[in-house]
Amino acid sequence: QVQLVESGGGLVQPGGSLRLSCVASGRFFSIYNMNWFRQAPGEQRELVATISSGGDTKYADAVKGRFTISRDNAKSTVFLQMNSMNPEDTAVYYCNTGGTSGYWGQGTQVTVSS
């Protein structure tokens, strides 16, 4: 069983930045591939970024060049640094491991608005 707890969401103005964190329970964090998903109102949940156990990263086209996923295995934590944010980034952001049938955090609300 893996528990994931996100933090760092909030309200930010267009062009601003936020950093999300996700702390994982369990002893084997370093071998997990970790994902950030998001779900906007009325939309399907979409994959935003992935980081492998070896540190390889992938991003959705909508966030490439603006968002950075990273991990600290010593702290069992994965991060999502979000820069140059725009209103289309408004969503609930979820931490995940194991894909859609895996483990999910409770989500953290991110709102981009002036």
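**View 1. Leu4 stands opposite Ala24 in strand 3, as seen in this predicted model.** The two residues belong to a pairing in which strand 1, residues 4-7, runs antiparallel to strand 3 over 4 bridges. Strand 3 also pairs with strand 8, residues 77-82, again in the antiparallel sense and over 6 bridges. Within this second pairing, Leu20 is the residue that stands opposite Leu80 in strand 8.

**View 2. Ser21 has its place in strand 3, which spans residues 18-24.** Is Ser21 buried or exposed? Its relative accessibility is 17%, and because buried means under 20%, Ser21 counts as buried. Strand 3 is mostly covered, with 5 of its 7 residues buried. When neighbours within four places in sequence are left aside, Ser21 is in contact with Val5, Glu6, Ser7, Trp36, Thr77, Val78 and Phe79.

**View 3. The largest nonpolar core has 26 residues.** In soluble globular proteins, nonpolar side chains tend to be buried together. The members that touch the most other members of this core are Met34, Trp36, Val78, Leu80, Met82, Tyr93 and Val110. Several strands each supply at least two residues of the core, among them strand 4 (34-39), strand 5 (46-51), strand 7 (67-72) and strand 11 (108-112). Which strand gives the largest share of this core? That share, 4 residues, comes from strand 3. Tyr93, without counting residues up to four places away in sequence, touches a set of residues including Leu20, Trp36, Val48, Phe67, Leu80, Met82 and Val110.

**View 4. Ring pairs link Phe37, Tyr94 and Trp104 into a cluster.** The count of aromatic pairs in the model comes to 2. In one of them, the ring centres of Tyr94 and Trp104 are 6.2 Å apart and the ring planes stand at 85°, so the pair is edge-to-face. This pair links distant parts of the chain, since Tyr94 lies in strand 9 and Trp104 in strand 10 (residues 103-104), 10 residues apart. Tyr94 counts as buried, at 13% relative accessibility, whereas Trp104, with a relative accessible area of 26%, is partly exposed.

**View 5. The charged end of Arg45 sits over the ring of Tyr94.** The distance from this charged end to the centre of the Tyr94 ring is 3.8 Å. Arg45 also lies over the face of Trp104, where the distance to the ring centre is 4.6 Å.

How values were computed
Residues are numbered from 1 along each chain as its sequence is written. This is a predicted model: local features need pLDDT of at least 70, side-chain atom pairs count only at pLDDT 80 or more; totals for chains, interfaces and linings use all residues. Side-chain values use heavy atoms; hydrogens and water are left out. Buried means under 20% relative accessible area, exposed over 50%, partly exposed in between (1.4 Å probe, protein chains only). Contact means heavy atoms within 4.5 Å. Two strands pair if DSSP finds at least two bridges between them. A nonpolar core is a set of buried Ala, Val, Leu, Ile, Met, Phe, Trp, Tyr and Cys residues joined through side-chain atoms within 4.5 Å. Rings of Phe, Tyr and Trp (its six-membered ring) pair if their centres lie within 6.5 Å; planes under 30 degrees apart count as stacked, over 60 as edge-to-face and the rest as tilted. A charge sits over a ring if NZ of Lys or CZ of Arg is within 6 Å of the ring centre and within 35 degrees of the ring normal.
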